[in-house]
Every structure is written in C-alpha cells, then in structure tokens.
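Please open the model in your viewer and keep the selection tool at hand. The stops below go from strands to helices.

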Amino acid sequence: MAQELKRVRYALVGTGNRGTTMWGRELLAGWSEFVELVGICDLNLMRAERARSMIGSSAPLYEDFALMLEELKPALVIVCTPDDTHDDIIIRALESGADVISEKPMTTTPGKIERIREAEARTGRRVDVSFNYRFSPTAARIKELIEEGAIGDVTSVDFHWYLDNRHGADYFRRWHAYGAHSGSLFVHKATHHFDLLNWYLDSDPVEVKGFGQLVHYGRNGPFRGVRCKTCPHKGECDYYLDLAADPFLDALYEDPSALDGYHRDACVYREDIDIPDTMTAAIRYRSGVQVSYSLNTYMPIEGHHIAFNGHRGRIELRQYEKQPWTEPPADEIVLMKSFGGGVERIWVPHEAGGHYGGDNRMRDMIFKPGSNDRLRQRAGSRAGAMSVLCGLAALESSRTGGSATLPTLL
Ligand SMILES: NC(=O)c1ccc[n+]([C@@H]2O[C@H](COP(=O)([O-])OP(=O)(O)OC[C@H]3O[C@@H](n4cnc5c(N)ncnc54)[C@H](O)[C@@H]3O)[C@@H](O)[C@H]2O)c1
C-alpha cells in the first residue's frame, strides 16, 4: 500500500494580497497534497478574517505571532508582511524550530541581513526567498543558453525594467513609498532584478554607481489629496483609483482600514514620499561583468528588455507583461552568434499562472519531493542578502554621488 505523504504544517503571516493569493488560496488549491495551513496571523484581524474566507480555510487566526508559534508549532512559516518587518518574524520562526519562506525582499538593511543569517546558522533551519522570476520559463531558457556557452563568456549586460503607470503607481500609494519600510524600489522591486543578474551571471556584484530621482510622483504632482476615495481631484487625476471597482481588493483593504488606517488608495502625490521613481545603476561584478541597469515606474508599458553581450554573440529579450498593443502568448529570445554564426529565434510559450508560470514552477520546486534543481533556481538567504545589498549600494551611491562597494557581510 502506498504510504501517505506527510504534509508540511505551515503558518501564514501577513494576509494582504500576496499572502492571501500566492501563499494561501493558490497554494492550497494546487499543492494541498504537500501542505496543510494550520494558522494565520496578521496585526489586522479583520483583514485576516476576510483572507481566511477567501483562502477557504478554517485555520485559527492570531494577532500575536509568538503565541501562534507556541500553540501551533508549525514546521514552516511563510512571511508576507511589509519588508522592514520580515527580519523579526523570520528570526522568531527559526528560533521556534520552523523553516521559513520569506517574500522578497528578504529584508531592508545590512544589520537585519546579519541577524537573519546568524539565526539561520545558529538554529540549523532554512530560509527560502521567493525569487519567482528565476522560475519563469523564459528566464530558465536564457540561463541554459548562458551555461551552454551559446555566446561565450558574458562580458556585459544591458537591463532595463519598466513598470506601467498602474503597477508602478501602486508602490507610491502605500508603505513602499517610504525608504524606512521598503528600502526604496532599489531594494523592494530591484531585488528581483539584481537577483536575476546574480543568478544569470553566477557572480556577486562588488561595486555600484547609482542615480535616483523622484521626478513624477510625490511632491511633483499638480495637486494632492489624502486618498482617492475622498479626493476632490478625482475627476482630473490620472491616478484616480476606484477601489470599490475591485471587489477582492475592496474586501481585503477597505473595511479593515478602519482598524489600522492602512488605505490601499492613498494619494500618489503625497508630499512626504521619500523614494526615487526613476533609477539607474552601473554595476561591476566580481567576475568582471559590467551591467547597465534602469528602473522606471510610470511607463505606458510593463516589462523588461535585457541583453547579454559575450565574446561570441548576444542574447536579447524584450518581454512585455502589459502593453497597448497585442503580443504573442510567447517570448522571443534572439540568439545572435558573432563571426557569421547566424541568428536563432527561440520562442518560449507563456505558461498559466503568475510570472508566466514562474510562481507555479517555484511552488513545485519547493514543495514537490524530489524536484530537480539543475539550474539552481531555489534561492536561500545568501541570494536574498546579495540582491538587497546591491540595491542598498545603489541607493547609497545615488545619495552620496560616489560609487559604493558592497559590504563584505557574506
Ligand atoms: N514575489 C513577488 O512577486 C511579490 C509580489 C507582491 C508582494 N510581494 C511581497 O509580499 C509581501 C507582502 O506584500 P503585500 O502587497 O501583500 O503587502 P500588504 O501591505 O498588502 O499586506 C501586508 C500585511 O501584513 C500585515 N502586517 C504588517 N506587519 C505585521 C506584523 N508585524 N505581523 C503580522 N502581520 C503584519 C498587514 O496588516 C497586512 O495585512 C511584501 O514583502 C512584498 O514585497 C512579493
């Protein structure tokens, strides 16, 4: 008789959009053979209650994380709270004997990185960081091409990321708009991009020259209110958001905001926004590779352009996630070989689910026993730390005007 698989007893902390969908509803819908949700924690119990019903769970709710750990003793804790709160939660979970999956970015400061790494080593438990972009089918194909030596050794990379004026603006509506909570978008968002680079290149960044300016949102706005719902400028604002038009977000955030004042539709033109919305960085890797990177947050398109330049050719990709024209349901990687080697157009079909299938592939890798990690996609705390340090170096450089070297914490 086949032996029944022992399911991993996991607890979810942070029941915003990410926790409720990726690590709640979707995880239980597709991977309940491997996992069992035993507890749900959020400082806002009304949001937690709504999240629990959206997830379709009957797990107990907790406001007190330490009490949840003590009463339930989960084997795994999944951390989906704001970025600056990850460290304390991760460390307490490790100390209770649990493994951890932390949403990206793993954390926001070098000191917090050190504390997490120390706790992981001391407890012997494991921290995974959810770098789902590594798992998108197109990223995996590019990684294979680089490792096969399709263009010889890579010497430089051109990498430009564009957030559209819906998704980009979203970061300026909430806690992400303050460096103290998100480390700025050089950390919060670019952690994905710097991690992709570190993984593609299989090397560590050592020196960064960054530039960052707030030129579109925040104090640059022509007028401002407190939040869209009550704003006198609704009719004239390009960024007006009608939360009530999205029943999911409305249920998860609007009524629960009465408990904690967390408005999902805060004004993107708030005077106190203190992060750049337009960023560039030049990065030098230990391997000698040079990278030219940019991140823009108010574009008519969402997606990225990346090119790897090598001694024997170039790999180029333009991946659009949203754009005001129709794209085929596949990505086109253009492999150009130097010295008359020709051009190959490699089509990689999009798969179902978030990040063109990357979210599903990552959950498979983490939860399905016996998964083969031949491309080393599963990311731990070292990868989580390295991409954050790169972002912090870019931010520091943008403020001081000099270049910044990464601290040698690792
Ligand atoms: N990998 C990805 O592609 C991806 C996508 C979206 C978000 N994220 C990450 O997921 C995390 C959550 O994002 P979100 O958009 O759902 O945020 P959110 O602000 O919508 O939700 C965060 C929740 O955490 C709760 N919370 C805050 N501090 C807490 C604490 N100390 N203990 C318990 N609960 C606490 C809040 O009440 C809120 O309900 C962030 O780290 C974000 O970077 C990752």
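Two strands are said to pair if DSSP finds at least two bridges between them, and helices (H or I, at least four residues) and strands (E, at least two) are DSSP runs, numbered from the N terminus. This is a predicted model, in which local features need pLDDT of at least 70 and side-chain atom pairs count only at pLDDT 80 or more, while totals for chains, interfaces and linings use all residues. Residues are numbered from 1 along each chain as its sequence is written, and side-chain values use heavy atoms, with hydrogens and water left out.

Select residues 302-310, which are strand 11, together with residues 313-322, which are strand 12; they pair in the antiparallel sense over nine bridges, and they form a hairpin with two residues between them. Within this pair, His304 has Gln319 of strand 12 as its bridge partner.

Now select helix 5 (residues 110-123) and helix 14 (residues 381-400), which pack at an angle of about 170° with their axes 10 Å apart; axes are lines fitted to C-alpha atoms, for helices over the stretch in contact, and angles run from 0 to 180 degrees between N-to-C directions. Helix 5 is therefore roughly antiparallel to helix 14, a term used for angles over 145 degrees. Where the two meet (contact means heavy atoms within 4.5 Å), helix 5 contributes Pro110, Ile113, Arg117 and Glu120, and the residues of helix 14 include Ala385, Val388 and Leu392.

Methods
Parallel < 35°, antiparallel > 145°, perpendicular 65-115°, else oblique.
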